[in-house]
Structures are given as C-alpha cells and as structure tokens.
Amino acid sequence: MAKGKKSVFFCQNCGHEENKWLGQCPMCKEWNTFVEETVSIVKSSTVKRTHEADVVALNQVKTECEERIFTRIGELDRVLGGGIVPGSLVLVGGDPGIGKSTLLLQVCQSLCKEKKEVLYISGEESLKQIKLRANRIGDFTEDLYLLCETNLDVVRTIIENRKPSFVVIDSIQTMYNEEVASAPGSVSQVRESTNVLMQLAKGLGISIFIVGHVTKEGTVAGPRVLEHMVDTVLYFEGDRHASYRILRSVKNRFGSTNEIGVFEMRQNGLVEVENPSEFMLNGKPEHAAGSVVACSMEGTRPILIEIQALVCNSNFGMPRRTAAGTDYNRVNLLMAVLEKRAGLHLSNYDAYVNIAGGVKMNEPAIDLGIVMALVSSYKNHPIDEKTIVFGEVGLSGEVRAVNMPEQRVAEAKKLGFETCVIPEVSKEAVKEIKGIKIVGVRNINEAIQLL
Ligand code: TYD
Ligand code: MG
C-alpha cells in the first residue's frame, strides 16, 4: 500500500470504523455491512497549534446580526428556523422519488427571483431532465446556473470562482474525490465530500444544500457521520402513494428541531399546505368505532390527527399487535395499562393501531387518543365526532399533563370541534378559552366513562 495511506473497514450502514473485517457491526448490529476502504493518514504535526492569542473572551466575540435569506416558501423557512443562514450546510434526506430534487429546484426558483446567484449541481440527472422538471414547476424569471458534474475538485473550483450565494448538490452519494480510493457513495467518499463542502460553505459564506438518499432502514445512506458534520438535517418523508409530504428538521444549529412543514405534491411541483390539521382529517369516517381525533404538537404547531384502532378476536394463541405511524412498544404498553388498570381483557384480542394518512407521530400526548381508540373499538362504541382527546398516560393509568394545552385547544376550536378531553391538571391553563367544552380527566377510567 502507498505511503501515508491505510486500509480500514467501514460499516456502510452507520459509518462505524474498524481495523479489521467483522461479520456484524458492533454499533448498529447489521450483518455483512463492512467494506474495506483506503484512507489517507493525516500527520498530527501538520495540524496547526492554537496559540495563546487565539483564545478569546466570550464577551469580546462580535456577532453581526445574522441576516437570513428567505426562500419565500413559508413551510421551509419555518423548518429552517426562519430562513437560510448564510454559510450554512444543510442536508436534505429522504427516500428516492419523494421530491427532494423538486423542492430544491423550487427553492432555486424562488431565490433567483430575489436576484441571488444560484448554482444547481447534479450528479444524477442530465441538463435535459432538470429542464423538464423546471418546466413542470413553472417560470424561471432569472437564470439559474446548472452543472452536471460528479468530480468534487471541479465542483470546488467552480464554486470558488463563481462564488454563488446558494448551491445545491444533488446528491452527495454521486460525488467523488480522486484522492480517496473507494467508490462514490462509500462512507469515506461521502465524508470527504461533505468535509470539502463544509469548508467551502464556512470559508466563502455560501449556503449549501446537499441531497442525501436514505437507505431502507431510514438513515442517510452509509454515513450517520454526515449528520454530525452538517449544521441542519432535514428529512423529507411521507407515503409515496399519498400526495402530501412532510419536511421534518431533526437537527438544527440555528433553530428548533421537530418543526415540520407540510407540502402537497401536485402536477406542477410542491405546494404548501397552510392548514395541515384540516388536511390530515380529510376523509375521516363518520360514526365509526375505533376512530378518534388526537392532537400532537409538532414543534410550535398543533396538528390534529385521526387515530384508528381495530380490536378483534384473535384466532391464534398469540394475539397480533401492529402499530403504523406510532411506536409499537408504546401501543403494547398502553394495552397492558388498559388490561391492568381498566380491567379490559385484551389478551385474547388482536389489535391494530394506525395513524391515518401515513404520518408518524410519537408525542406522548397522543397516548390518551390511542387508549380511547382501542376502547372504542373493543366496545364497538363510536366516539362523538366533535371531540378531541389528548394527554399522556402513565403506568398506573393516570392521565398526565402535556405541554402547550392552550394551543391544542385553540386549534381544535378553530376546526369546529365542540369538546376537548384533556388532563385534569391542564384545565387551569385553558380556562381562558371560551366556546369549547373542556372535560378534565384524572385517569383512564374517567376517560372511558365518557364513552
Ligand atoms: P423528485 O424530486 O425527482 O424526487 P427525488 O429527487 O427525491 O428522488 O420527484 C419525483 C416524483 O415527484 C416523481 O415521481 C414525479 C413527481 N412529481 C410530481 O408529481 N409533480 C411535479 O411537478 C414534479 C416535478 C414531480
Ligand atoms: Mg432527485
């Protein structure tokens, strides 16, 4: 092997590094994911040492007011924490075909309108394909500059020469660096490419958005390492067969995480969904047992969702339980609580829980919704349609307080609901809101009694 290089093994699933090949990754427990890659050894003597003069007192650090770039796509701006920060590196992950390229092209379109110089670098599609997509999206008033390139050195030189204010790299898995021996998309290539882009973004103050494909396990292909390197990680998710898409921020150095943006994929690109609750509740069945509306806070926004449960006799000794859109273990736990604290004999029943519309919600505040849906299906007794429920359920069957109850109740009122079943302890916080009936419950038995 050439001097200054060494060979290491990377797990292609999580990016874990080992000196020898292993059958199973000790980090992510995946089998057969180790691949040998060659990396260059950086001599420690070449690293610049910090001199005493580099030490700065916190009070002396100057912060010019960070000026953000607004994309004019409201949902995206909010997820980013109020627009794009100049010099930031943002990773947009998602399944193939979910609409990452479309979203970023729309961002380019809107930034071009603001007279910003924008460069769209694609390693996946030809100029013609990009043009065809652009035609679907609409008019590009100003010119957007395109480049089809996968060699990172060329990309770096062009960015350094042109100094655009916004760059899109579609996708990071196609970029390769000649100095790294392994194939494009491998852990060391992706890591090296991200490193170079990071230096470009910080050095020149350019905002760079990189697209990353997601593996079937739901992580950005190969490197979780990549998530540590970038400033912001956005995931684009949703059912490919349904028309809506959710943009979720899972890491954000410049804003809050767990903020979501909702879009709808139309013939002419992605359109923002102004009122997601209305959208999510679309098509809710009437007078159906096992269906209940709950409220989940996504970042700063309350979103009403329909929880469905189906409880039916089990034909086998082992009852089946499934949970779609929410945590499976949580559903099992809630069923155990129902069995023990409310005396419901669920052990002979199969139970299927689903969050309608294919969204994923994991907030504990939907616990009470899941419980009510299960009980309603078990008793075959529909819940009043104009009722929403929320609250966290504890192991002794108590209904615990949740954060921001006022916002949730206000959202329910806005959408025409008439009753809210909430934790008794949160009642005080919402007493100002008029025009909607508030029912406080202390434990699940009180809630079941309301059915
Ligand atoms: P794309 O942005 O290419 O996905 P990704 O980059 O995440 O792989 O979007 C692909 C899908 O979106 C494709 O199936 C076609 C559909 N689409 C529309 O429905 N309307 C549109 O206006 C566009 C551009 C794409
Ligand atoms: Mg694409």
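Two strands count as paired if DSSP finds at least two bridges between them. Helices (H or I, at least four residues) and strands (E, at least two) are DSSP runs, numbered from the N terminus. The views show a predicted model, in which local features need pLDDT of at least 70 and side-chain atom pairs count only at pLDDT 80 or more, while totals for chains, interfaces and linings use all residues. Residues are numbered from 1 along each chain as its sequence is written, chains are lettered from A and ligands numbered from 1 in the order in which they are written, and side-chain values use heavy atoms, with hydrogens and water left out.

**View 1. The hairpin of strands S11 and S12.** Strand S11 (residues 260-266) pairs with strand S12 (residues 269-272) in the antiparallel sense, over four bridges. The two strands are joined by a hairpin of two residues. Phenylalanine 263 has glutamate 272 of S12 opposite.

**View 2. Polar contacts of ligand 1.** A polar contact is a pair of N or O atoms within 3.5 Å. Oxygen atoms of ligand 1 lie 2.7 Å from a backbone N or O atom of glycine 97 and 2.8 Å from a polar backbone atom of lysine 100. A nitrogen atom of ligand 1 is 3.1 Å from a polar side-chain atom of arginine 136. Taken alone, ligand 1 exposes 560 Å², and the protein buries 75% of that (Shrake-Rupley method, 1.4 Å probe).

**View 3. The sheet S2-S1-S3.** Three strands form an open sheet in the order S2-S1-S3, with antiparallel pairing. Strand S2 (17-18) and strand S3 (34-40) stand at the edges with a single partner strand each, so one side of each lacks a neighbour in the sheet. Strand S1 (residues 5-11) pairs with S2 over two bridges, and phenylalanine 9 stands opposite glutamate 18 in S2.

Key:
Polar contact = N/O pair within 3.5 Å; in protein donor to acceptor, adjacent residues only side chain to side chain.
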